[in-house]
Amino acid sequence: DKAKFVQRGQDFSGLWLLPSFINHSCLPNSSRLEMGSAMFIHACKPIKRGEEITFPYFDILLPLPQRQGRCENWGFECKCRRCIVELSIKAALHPITARFDELHDKAVEESNAARSQEGFESDLPACAEFAKLFVEAEEIIRDFPLLKTEEEKNW
């Protein structure tokens with residue numbers, strides 16, 4: 001399989017021997033720029049001696065499931081710190097997201113029932129529960145043990 005790149009609306013492929021040894025990370029410490037037949041790698045944050053140089057293989061602003069799909073397309077599973085933390089947070093928040101889905105369905109039912117009854121007023125209790133869930137989720141994320149640095153807390 002050839003790696004495909006898009007530049008100025010044209011498809012092309014290439015192989016750069018040394019950069020081909022650089023691994024992907026969703027928290028890269030370098031970036032790359034292709035200009036003609038040359039590729040330039042430059043640090044985007046300080047790199048310590050002995051630290052692995054990484055760059056993104058795709059758009060790292062994508063949500064976790066889409067990034068995981070892109071990694072699968074490249075034939076690997078990303079295990080960078082960001083992905084590990086996001087997967088852990090997702091697992092920790094699972095009970096809340098499951099409850100959120102239940103409340104969403106209930107709120108839709110309440111809203112439809114309220115609209116179907118002329119003059120019916122309701123405080124839509126399921127909606128009030130959403131606010132509680134958001135506070136609970138925020139507390140879990142704020143106190144999440146894997147988020148150690150301020151940078152990680154601002155992801």
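Tutor: Happy to! Let us begin with a definition: two residues are in contact when they have heavy atoms within 4.5 Å of each other. Please keep in mind that this is a predicted model.

Student: For contacts with a separation of 6 or more, what share comes from residues 24 or more positions apart?

Tutor: Here we take the contacts in the protein whose partners have a separation of 6 or more.

Student: What pattern do the helices and strands follow along the sequence?

Tutor: The protein has four helices and six strands. Reading along the sequence, we get the pattern β-β-β-β-β-β-α-α-α-α.

Student: How do strands β4 and β5 pair, and over how many bridges?

Tutor: Strand β4 covers residues 30-35 and strand β5 covers residues 38-43. Ser-30 stands opposite Ala-43 in β5. The two strands pair in the antiparallel sense, over six bridges.

Student: Which residue in the hairpin of β4 and β5 takes a positive phi?

Tutor: This hairpin has two residues between its strands. A positive phi near 65 degrees is found there, and the residue that takes it is Gly-36.

Student: Is Glu-34 buried or exposed?

Tutor: Glu-34 sits in strand β4, and its side chain makes a polar contact with the side chain of Arg-32 at 3.1 Å. A residue counts as buried under 20% relative accessible area. Glu-34 has 16% relative accessibility, so the word for Glu-34 is buried.

Student: How many disulfides does the structure hold?

Tutor: A disulfide needs two cysteine sulfur atoms within 2.5 Å. The structure has none of these. Take Cys-26, whose nearest cysteine sulfur is that of Cys-83, 3.6 Å away, so Cys-26 is in no disulfide. The number of disulfides is zero.

Student: How accessible are Cys-26 and Cys-44?

Tutor: Cys-26 is buried, with a relative accessible area of 1%. Cys-44 counts as partly exposed, and its relative accessibility is 46%.

Student: Which residues of α1 are buried, and where do they lie around the axis?

Tutor: The buried residues in α1 are Leu-64, Arg-67 and Cys-71. They cover an arc of only 60 degrees around the axis, so they lie on the same side of α1.

Student: Which exposed residues does the face turned away from the buried side of α1 carry?

Tutor: We look at the face of α1 that is turned away from its buried side. The exposed residues carried there are Pro-65, Glu-72 and Asn-73.

Student: With which side chain does the side chain of Arg-67 make a polar contact?

Tutor: Arg-67 lies in helix α1 and counts as buried, at 1% relative accessibility. Leaving out residues up to four places away in sequence, Arg-67 touches several residues, including Cys-26, Phe-58, Asp-59 and Cys-83. The polar contact has a distance of 3.3 Å, and the side chain on the other end belongs to Glu-86.

Student: Why is the pair of Tyr-57 and Trp-74 called tilted?

Tutor: A pair of aromatic rings is described by the distance of the centres and the angle of the planes. Planes under 30 degrees apart count as stacked and over 60 as edge-to-face, with the rest tilted. The rings of Tyr-57 and Trp-74 have centres 4.7 Å apart, and the pair is tilted because their planes are at 45 degrees.

Student: How many residues apart in sequence are the parts that this pair ties together?

Tutor: Tyr-57 lies in the loop between β6 and α1, while Trp-74 is in helix α1. Tyr-57 counts as buried at 17% relative accessibility, whereas Trp-74 is partly exposed at 42%. The pair therefore ties together parts whose separation in residues is 17.

Student: What kind of aromatic pair do Phe-100 and Phe-134 form?

Tutor: Phe-100 is in helix α2 and Phe-134 in helix α3, 34 residues apart. Phe-100 counts as partly exposed at 31% relative accessibility, and Phe-134 as exposed at 51%. Their rings are 5.9 Å centre to centre with 70 degrees between the planes, and the pair is edge-to-face.

Methods: Residues numbered from 1 in each chain as written. Predicted model: local features only at pLDDT ≥ 70, side-chain atom pairs only at ≥ 80, totals over all residues. Heavy atoms only, no water. Buried < 20%, exposed > 50% of the residue type's maximum accessible area, 1.4 Å probe, protein only. Phe/Tyr/Trp six-rings, centres within 6.5 Å; stacked < 30°, edge-to-face > 60°. Arc of directions from axis to C-beta. Pairing = 2+ DSSP bridges. Polar contact = N/O pair within 3.5 Å; in protein donor to acceptor, adjacent residues only side chain to side chain.
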